[in-house]
Amino acid sequence: MKTAPMLSSAFLQPAGQALPTTLLALRFDRASSLADLLLPTRRTENWKYSAKHLKLTDEMASSLPSDASVEAADISGYTVVLVNGVVRPEVSNYPSIEGLSIQRFSELDVDDAALAADLIGKSISDQPAKSGSVNLSQLNGARFEDGLLIQLKPNTVLDQPLFVIHHTTASHSGSAYPRILVAVGRNSQLTVVEDYVSSGDCSVMVNTTTEFNLDDGANVTSIRLNTEGQAVQHMGTTGVRQQRSSRFESHSVGFGGTLRRHDLHVRLEGEGAECKLNGVVVTQGTQHYDNHTTIEHVAANCNSEETYRNIAADKSHAIFNGRIHIHQDAQKSNANMSNKNLLLTNGAEIDTKPELEIYADDVKCAHGATIGRLDDESIFYLVSRGLSRRDAKVLLTMAFINELVDQIPVEQVRESANIGLNQFFDQAFQEV
Amino acid sequence: MLSIKNLHACVEGKQILNGINLEIKAGEVHAIMGPNGSGKSTLSQVLAGNEAFDVTAGEVFLNGDNLLDLATEERAREGVFLAFQYPVEIPGVSNLQFLRTAVNAMRKHHSKEDMNAAEFMKLAKEVSKQVDLDPAFLKRGVNEGFSGGEKKRNEIMQALLLQPKLAILDETDSGLDIDALKVVSDGVNALRAPDRCIIMITHYQRLLDHIVPDYVHVLADGKIIKSGSAELALELEAKGYGWLGIKDEAVANQ
């Protein structure tokens, strides 16, 4: 039997030394722990559908230039731009608000560096894989060259969304490792929009990790928009820890590519915490998108609500794997998970797998998953009123995700999402 | 205006229409009655262009254009309108957005400029009042959660908005209470126009008390076996279909 390939040691040689010593040490430890590990294969349950799209050649291991020139983002409001994982203050527009600090890793003092190292150390998304193969989100810990530490003191409210633009330049092969740490104090509020974009069409990997730590009563909205180029292998991880009565809301809109993977892991650690996770994915051509979510109810009386929709056209492949884990002490948990999928062609594939693991005896936990196609009767009804077949299909396909797009609380993101969706429809419904 | 000649059609290999011949002049209203399974709804679906049905022979001309050569949406733009027996519910698409897209598709076909949202809203509100639908329905999903009567009124509202040349009403009276029947009938009567023809498919004479047709036809086994004036409907109501030498409804159903 063919053995799985190892993670090339070329991936464990980080670039960029302009970091506080604590972070350099942490990165070194992480790299050591990843040496000699195997890459996931299709027999690795967690990578069953996506392993074949992983292309981690030595060429991909090289660092991408942090000084590449990029245009300032066309966004009015607070922005932080990262180019290939390195913060670029000169094209950013930081908010200046009492109680809010946004610092790049390279400028952290000893105390803040210790905080950053602590947050990375207890990261929930960053634990060794049980299977013995490498957990690729750990690679971020071995390779980050810079990063952002965002801190909100208690009772601080950011009045507008903060856009974090992740720009990857694909003018040659390589990889980038952005890292974002967000620590939100008691009763503070923040909306972060992460926008993943790229330029160039060489084969690159973006291995990104973002972590939110919500103190009691904190309220965070995280929006994630993924419009990178076809050749980008995107491996994204979002980890969330929630304390008492905190609220976390996530909206993600993803467009497919050669490999898109997003792991979202939420831990409801304090009583009365709640999260709401919405996700929309569209894929076409031979694109691939793999969403894995985990919601852990650790404390009692927490609510989670999850709604994901996938649309796959042509010969593309979309995957949803949603896990809800209710711990023994998490009595009175209330968890709802819904995943609906729309196949636009016979050649497209969608796999959905809800997983429930429940150890408490007094919980409400509901889940549902469906896969369907556009309804001929509905198309006939619309077309019989004079709509073109294309318009009818667009309306019906939009109807499938409208509810989720409309809920995105930032207008600029809704507009970007709709532009992307219209491009998707232009490709997906070409006839007539 | 409408000329149907020797129309044959089948669905899933089963022959349903066996040579329909029908001439309708501009301004006329024709009622088509007949037992279940006689082909009434098939006729309406075939005229509107449902691809689930195959036309095996015959011709259909509307103002000289052969409808059978046109795709469903082209027929609609040339003025064919079918009020569905069972209007489809489409959650997530607002009625308003759907109707405006339809009206603008029609206007584009006739080289007219798009109606903007405000203009359209004004028009839609007026028309919804005509069929006694609360304008709040415009903002809801297409037919989503509408009662049977509301769906039928929504169909008539669409006809009033789209101003077709040929309106086919497929059992628009079914499932309506007396008040709703009155509202829908008023809507249909408002549709009557010198340059429009209307086909009403119905089981019941009661609709014809409100909308008096110029002709009544009886369809059985995919053919028109008897035609007459409005009085024919009264005769059918009194005697059933048996006297015409066809199986009655219960038998035909089997």
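**Chain A, then chain B**

Reply: Let's start with a helix on a sheet. Helix 7 of chain A, residues 411-428, lies across strand 8 (189-199), strand 10 (219-226), strand 12 and strand 14 of chain A. Its direction is at about 30 degrees to strand 10 of chain A. Keep in mind that this is a predicted model.

Me: How many helices and strands are there in chain A?

Reply: Chain A has seven helices and 20 strands.

Me: And in what order do the strands of the open sheet in chain A run?

Reply: The order is 2-1-5-8-10-12-14-16-18-20, which makes ten strands with mixed pairing. Strand 2 (86-87) and strand 20 (364-373) of chain A are at the edges. Each has a single partner strand, so one side of each has no neighbour in the sheet.

Me: What about strand 1 and strand 5 of chain A, parallel or antiparallel?

Reply: Parallel, with six bridges between strand 1 (residues 78-83) and strand 5 (residues 162-169) of chain A. A:Leu82 has A:His166 in strand 5 of chain A as its bridge partner. Helix 6 of chain A, residues 389-407, also packs on the sheet. It touches strand 12 (247-255), strand 14 (274-283), strand 16 (303-312) and strand 18 (334-343) of chain A. Its direction makes about 140 degrees with that of strand 16 of chain A.

Me: Let's zoom out. What radius of gyration does chain A have?

Reply: Chain A has 21 Å. A compact globule of 432 residues would have a value near 22 Å, so the two agree. The C-alpha atoms fill a box of roughly 70 × 55 × 50 Å along the principal axes. Of the 432 residues of chain A, 50% count as buried.

Me: Now chain B. How many of its residues are in contact with chain A?

Reply: 20 residues of chain B are in contact with 18 residues of chain A. On the chain B side, helix 2 (72-77), strand 7 (90-94), helix 3 (95-109) and helix 5 each supply at least two residues. Helix 3 of chain B gives the largest share, five residues. The side of chain B that touches chain A divides into 13 nonpolar, five polar and two charged residues.

Me: Which strands stand at the edges of the open sheet in chain B?

Reply: The sheet has six strands in the order 6-9-10-3-11-12, with mixed pairing. Strand 6 (80-83) and strand 12 (223-228) of chain B stand at the edges. On average, neighbouring strands of this sheet are turned by 20 degrees against each other, direction ignored. Five bridges join strand 9 (residues 166-170) and strand 10 (residues 197-201) of chain B, which run parallel. There, B:Leu169 stands opposite B:Met200 in strand 10 of chain B.

Me: Last one. At what angle do the axes of helix 5 and helix 6 of chain B cross?

Reply: Roughly 10 degrees, and the axes come within 10 Å. That makes helix 5 of chain B roughly parallel to helix 6 of chain B. The residues of this contact divide into nine nonpolar, two polar and two charged.

How values were computed:
Residues are numbered from 1 along each chain as its sequence is written. Chains are lettered from A and ligands numbered from 1 in the order in which they are written. This is a predicted model: local features need pLDDT of at least 70, side-chain atom pairs count only at pLDDT 80 or more; totals for chains, interfaces and linings use all residues. Helices (H or I, at least four residues) and strands (E, at least two) are DSSP runs, numbered from the N terminus. The radius of gyration is taken over C-alpha atoms; the globule rule is 2.2 Å times the number of residues to the power 0.38. A residue is buried if 20 or more other C-beta atoms lie within 10 Å of its own, exposed if 12 or fewer, and partly exposed in between; C-beta atoms are placed from the backbone. Axes are lines fitted to C-alpha atoms, for helices over the stretch in contact, and angles run from 0 to 180 degrees between N-to-C directions. Angles under 35 degrees count as roughly parallel, over 145 as roughly antiparallel, 65 to 115 as roughly perpendicular and the rest as oblique. Ala, Val, Leu, Ile, Met, Phe, Trp, Tyr, Cys and Pro count as nonpolar, Asp, Glu, Lys and Arg as charged, and the others, Gly among them, as polar. Two strands pair if DSSP finds at least two bridges between them. Two residues are in contact if their C-beta atoms, placed from the backbone, lie within 7 Å.
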